[in-house]
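Have the coordinates open and follow along.

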Amino acid sequence: MQQPLISVIIPCYNTADTLEHCIRSVAGQTYAELEVIIVDDGSTDDSPSICDRWAAADNRISVIHKPNGGVASARNVGLSAASGQFIAWVDSDDYVAPHFIESLYSIICSTGADLVASLWLRVDEHDNSAIDKCSPPNASATLLGSDEAINDMLYQHHITTTLWSTLAHRKLYRNISFPDGRIYEDLAVFYDLLGNCSSVAFTAARWYCYRLRKGSFMNTYNRHRCDVLDTLDHLSQCIKPRFIPALKSRCISAHFNILMLDTLSKCQSPEIASRCWNFIKANRAACLRDHNVRMRNKVAIILSYLGLPAMKCIIHINRILKIHRQK
């Protein structure tokens with residue numbers, strides 16, 4: 001039987017030092033029917049030439065060069081160009097096991113799910129050899145209904161909002177667009193994506209290697225990190241009422257995280273701290289009573305009753321202990 005075409009979309013911006021390894025890992029997939037779409041989002045380093053060289057050498061690979069518009073814009077361009085029956089994503093500073101696509105597709109075939117989500121390996125930014133630590137090709141999966149998957153994602157139990165750990169049917173992206181200018185573009189669309197599913201499969205297997213880069217957005221703090229709060233505020237305006245308790249759990253987790261990052265920042269913002277603290281105070285009692293809220297959130301909630309000054313002191317102490325453990 002003819003295998004369906006799977007589109008792998010790689011948004012790319014100034015990642016020349018890791019891009020070669022990323023593309024090589026995707027081009028080396030055991031699944032044969034691939035199209036690889038690299039979206040160069042106005043890179044100013046050697047990334048464009050690396051992309052062009054690979055496209056010239058492999059007819060499965062195409063490159064779209066565009067002015068810089070951000071990762072959401074790059075995702076939209078790649079999605080519009082994709083012709084595969086299924087969509088996968090790989091970030092240009094990461095890499096994947098050779099059986100990444102084949103394993104995800106096998107789960108979709110065995111479960112009948114519209115989307116499969118997996119976990120990933122966190123690897124050092126200079127580590128190009130973590131493939132040996134990846135899970136073997138065959139892995140079990142749990143099948144969830146759409147509502148169950150949305151609650152699982154919002155309560156942060158298993159399913160995350162990282163697109164690059166998923167394989168999804170193309171039809172799920174119909175009428176979905178990533179919000180230009182927003183940083184947390186995955187979170188902005190994941191609710192709709194899961195809502196379009198009849199069923200979702202989750203596997204704890206790890207076939208994706210996520211680099212912990214010191215200079216990357218997710219490992220630094222600036223005011224754009226607060227986009228997550230705006231994204232969740234927007235989601236609260238359109239989410240179905242039955243998911244509100246789960247959304248509150250996701251929101252309070254985000255507000256604790258931003259409060260922590262702001263507290264540890266050299267350029268603290270009283271406005272951001274006040275916004276986070278007011279949300280925490282307003283919603284902590286309901287979240288504490290909710291048995292589905294994960295334990296780390298509940299521990300943070302209990303500590304919050306000591307007050308904001310004590311909370312900030314705990315954050316600093318925790319940071320010192322973490323640094324000490326790493327030595």
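Q: What makes N14 count as partly exposed?

A: First, a heads-up: this is a predicted model. The relative accessibility of N14 is 25%. Buried would need a value under 20%, and exposed a value over 50%, so N14 counts as partly exposed.

Q: Where does N14 lie, and what is its phi?

A: N14 lies in the loop between β1 (6–12) and α1 (16–27). Its phi is positive, about 50°, although N14 is not a glycine.

Q: How do you know whether Q156 is buried or partly exposed?

A: Check its relative accessible area, which is 21%. The cut-off for buried is under 20%, so Q156 at 21% is partly exposed. Q156 has a positive phi too, about 60°, and is not a glycine. Look for Q156 in the loop between α5 (146–154) and β8 (166–169).

Q: Which residues of α5 are buried, and what do they pack against?

A: The buried ones are S146, A149, I150, D152, M153 and L154. They pack against β7 (142–145), α6 (185–195), β9, α7 (227–238) and α8. After α5 comes Q156, the residue with phi near 60°.

Q: Why is the Y31 and Y105 pair called edge-to-face?

A: Ring centres have to lie within 6.5 Å for a pair, and planes over 60 degrees apart count as edge-to-face. Here the centres are 5.4 Å apart and the planes are at 70°, so the pair is edge-to-face. Y31 sits in the loop between α1 and β2 (34–41) and Y105 in helix α4 (residues 100–111), so the pair ties together parts that are 74 residues apart in sequence. Both Y31 and Y105 are buried.

Q: What makes the W164 and Y210 pair stacked or edge-to-face?

A: Same test. Planes under 30 degrees apart count as stacked. The rings of W164 and Y210 have planes at 15° and centres 5.2 Å apart, so this pair is stacked. W164 lies in the loop between α5 and β8 and Y210 in strand β9 (residues 199–212), so the pair links parts that are 46 residues apart in sequence.

Q: What makes R284 sit over the ring of Y305?

A: The distance part of the rule asks for the charged atom within 6 Å of the ring centre. The charged end of R284 is 4.0 Å from the centre of the Y305 ring. R75 lies over the face of F178 as well, at 6.0 Å from the ring centre.

Q: How do α8 and α10 cross, and which residues meet there?

A: The axes of α8 (residues 244–264) and α10 (residues 295–304) come within 10 Å and cross at roughly 60°. The crossing is left-handed. S249, I252, S253 and F256 in α8 meet N297, A300, I301 and S304 in α10. By class, this contact has four nonpolar, four polar and no charged residues.

Conventions. Residues numbered from 1 in each chain as written. Predicted model: local features only at pLDDT ≥ 70, side-chain atom pairs only at ≥ 80, totals over all residues. Heavy atoms only, no water. Helix = DSSP H or I, 4+ residues; strand = E, 2+ residues; numbered from the N terminus. Buried < 20%, exposed > 50% of the residue type's maximum accessible area, 1.4 Å probe, protein only. Axes fitted to C-alpha atoms, helices over the stretch in contact; angles between N-to-C directions. Left-handed = near helix turned anticlockwise from the far one by under 90°. Contact = heavy atoms within 4.5 Å. Nonpolar A, V, L, I, M, F, W, Y, C, P; charged D, E, K, R; others polar. Phe/Tyr/Trp six-rings, centres within 6.5 Å; stacked < 30°, edge-to-face > 60°. Lys NZ or Arg CZ within 6 Å of the ring centre and 35° of its normal.
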